[in-house]
Amino acid sequence: MKRRRILAQLYAARESAPGQFRAAAVALAVSALSVVGAFATVAERQAPAIDQVALIESIALSPSIGSEAESPAFVREERIERGDTVARLLERLGVDDDQAFEFIRTRPEVAALSRQLRPGKTVSVRTSAEGRLLRLDFPLNAKVAALIIERQGEAGALGVSERDIALEARVLMASGEIRSSLFAATDAIGLPDSVTTQLADLFSGDIDFHRDLRRGDRFALVYEMDYADGSPVRAGRILAAEFVNQSRVHRAFRYRASTGQESYYGEDGKSIRKAFLRSPLEFSRVTSGFAMRFHPVLRKWRAHNGIDYGASIGTRVRTTADGVVEFAGRKNGYGNVVVVKHAGRYSTLYAHLNGFSPAARRGARVAQGDVIGYVGATGLVTGPHLHYEFRVDGQYRNPLAMALPNAAPLAAPEIAAYREQVEPLLSRLNLIRSGSLALLD
Ligand SMILES: [Zn+2]
C-alpha cells in the first residue's frame with residue numbers, strides 16, 4: 001500500500017458523526033489513539049514488555065479493530081509543479097484508479113483541471129487504501145471556488161461539481177513514539193506530512209532530526225486542520241507541540257503578540273528560535289531516509305573536525321545562522337565549499353557541494369535557513385555527503401556541545417497574556433501524553 005504523503009487517515013464511520021466540536025475533532029484524527037490509550041494502560045499493568053508503538057501501528061493499519069471503524073480513507077495533498085500533467089499529478093497523489101483517469105480525460109466539465117495546472121496551486125484527494133479516487137478538490141482561479149470530483153458512495157459513479165467551499169478550521173491532537181523514524185511514527189498515526197515537517201522545523205534549533213532521534217523519543221501536538229464538507233482538505237499550523245528527545249523535553253507554543261507578529265515560544269516565554277540550526281540539511285521525507293538517523297556510536301569529533309551527513313546529490317544545504325558569505329569556491333580536499341561568517345566569533349563551513357545556490361556569493365548576506373548549495377561528492381570523498389564544520393575563532397568545535405544564544409524572548413508586558421494562552425494548550429498536551437483521550441471519546 002502506498003503510504004507516502006498521507007494527509008490524514010480517516011475512518012468513514014466517525015466522519016459522519018458531527019458530535020460536539022472538540023470531541024468530534026479529536027475522534028476524527030486520532031481515533032486510533034484513543035484505542036491505544038486504553039491498550040497502553042492495560043499493557044503497563046500486565047506486561048510492561050509490550051511495545052506501545054507496535055499497537056499504534058497495527059491499530060492504524062487495521063481499522064477493523066476499532067468497533068465503529070470502517071474502511072480507512074487517505075487524504076493527500078500535492079503542490080502542482082512546473083510541467084505537471086494531470087496524470088503525473090494524480091500519480092503523486094497516490095491515485096491508482098483507471099476509471100477516474102478515464103473520467104478526467106473524457107468529461108468536458110473537468111477540462112479546467114488540465115487547463116489550470118498552475119505551479120504552486122495545491123490539489124487534494126481522498127482515496128481508498130487501494131488508491132481508488134473518492135474525492136478530488138481542485139481550487140479554481142477564484143480562491144473560494146473549487147472543482148470537486150466526487151464518488152457517490154464507496155462503489156458509486158464519479159460526479160463533478162463546481163462550488164464555493166467554506167473552510168472550517170478544526171483543532172486536532174495527536175501523539176506518537178519513534179520506533180524507526182519520525183515519518184514512520186507520523187504515518188502510523190496519519191499525521192499530515194506538512195505537520196510533520198513543521199514539527200521538525202519548530203525544534204530545529206534544539207534537535208538535529210538527522211542524527212539526534214532515538215527509539216523511544218515521543219511527541220504530542222495540537223494542530224489546525226481545514227475541513228470542507230466535513231472532510232479534511234488542508235493541514236494548518238501547529239498550535240502547541242512537545243518533543244521528548246533522549247529524555248529531554250522540548251515544548252513550543254504559538255503566540256500572537258500584541259504587535260500582530262506570530263512566533264513560537266517555550267513555556268517560559270523564551271523564543272524557541274535559536275541563533276543556529278542544529279542541522280544544515282532540511283528535514284524531509286527524502287532526507288530522513290538516510291543512514292544517519294540512528295548513530296549508535298558517534299564519530300570521534302576531534303579526529304574528524306566536522307559532522308558528515310549522508311544525503312543524495314542535489315539535497316539542499318542551508319546556512320545554519322544569519323551571516324555573510326566569506327568564501328564560496330573550490331578548496332583542495334573540501335571540493336566545492338562555502339564558509340559563512342556569523343556574528344561574534346562563529347563561522348560555519350559546508351563542503352563537498354555539488355554546486356552553489358545564487359545566494360552563495362562572496363560578501364553576500366544570508367539569513368538562517370537560506371539555501372547556499374547542494375549536496376555533492378566533490379573533493380576527497382568516497383560518496384555523496386555534506387561535511388559540516390562549526391568554528392569558534394577559526395577553531396573546530398562541536399556545536400552539539402555548545403550553549404548557543406537564543407532569539408529574543410517575549411517582552412515582559414506580553415508574558416501574562418502569553419501564559420493565559422499557553423495554559424489550555426499545555427493541559428491538552430498533558431492530556432494527550434497521559435493517554436486520557438479515551439475519556440473524551
Ligand atoms: Zn567530513
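Where is Arg-362 found? Arg-362 is in the loop between strand E16 (346-356) and strand E17 (365-366). Helices (H or I, at least four residues) and strands (E, at least two) are DSSP runs, numbered from the N terminus.

This is a predicted model, in which local features need pLDDT of at least 70, side-chain atom pairs count only at pLDDT 80 or more, and totals for chains, interfaces and linings use all residues. Residues are numbered from 1 along each chain as its sequence is written.

**The loop residue**

Arg-362 is exposed, with 12 other C-beta atoms within 10 Å. Arg-362 touches Val-325, Phe-327 and Ala-328, leaving out residues up to four places away in sequence. Touching, or contact, needs C-beta atoms, placed from the backbone, within 7 Å. Val-324 is 38 residues from Arg-362 in sequence, yet their C-alpha atoms are 7.8 Å apart.

**The whole protein**

The protein has eleven helices and 20 strands. Of its 441 residues, 38% are buried. Take the contacts between residues at least 6 apart in sequence: 65% of them join residues at least 24 apart.

| Helix | Residues | Buried residues |
|---|---|---|
| H5 | 98-106 | Ala-100, Phe-103, Ile-104 |
| H10 | 415-433 | Val-422, Leu-425, Leu-429, Ile-432 |

Seen down the axis of H5, the buried residues fall within an arc of 90 degrees, so they line one face. The arc is that of the directions from the helix axis to the C-beta atoms. Asp-98, Glu-102, Arg-105 and Thr-106 are exposed on the face of H5 turned away from its buried side. Cover for the buried residues of H5 includes helix H4 (86-92) and strand E4 (133-139).

H10 has 19 residues and reaches 25 Å from first C-alpha to last, close to the expected 27 Å. The expected span is 1.5 Å times one less than the number of residues. H10 bends by about 30 degrees at Val-422, and Pro-424 follows within four residues. The bend is the angle between axes fitted to the seven residues ending there and the seven starting there.

**The cores**

A nonpolar core is a set of buried Ala, Val, Leu, Ile, Met, Phe, Trp, Tyr and Cys residues joined through C-beta atoms within 7 Å. The largest has 41 residues. Leu-221, Tyr-223, Ile-238, Ala-240 and Ala-241 touch the most other members. The elements giving it two or more residues include strand E8 (218-228), strand E9 (231-245) and H10. A second, separate core of 23 residues includes Ile-307 and Phe-356.

Definitions and conventions. A residue is buried if 20 or more other C-beta atoms lie within 10 Å of its own, exposed if 12 or fewer, and partly exposed in between; C-beta atoms are placed from the backbone. Two residues are in contact if their C-beta atoms, placed from the backbone, lie within 7 Å.
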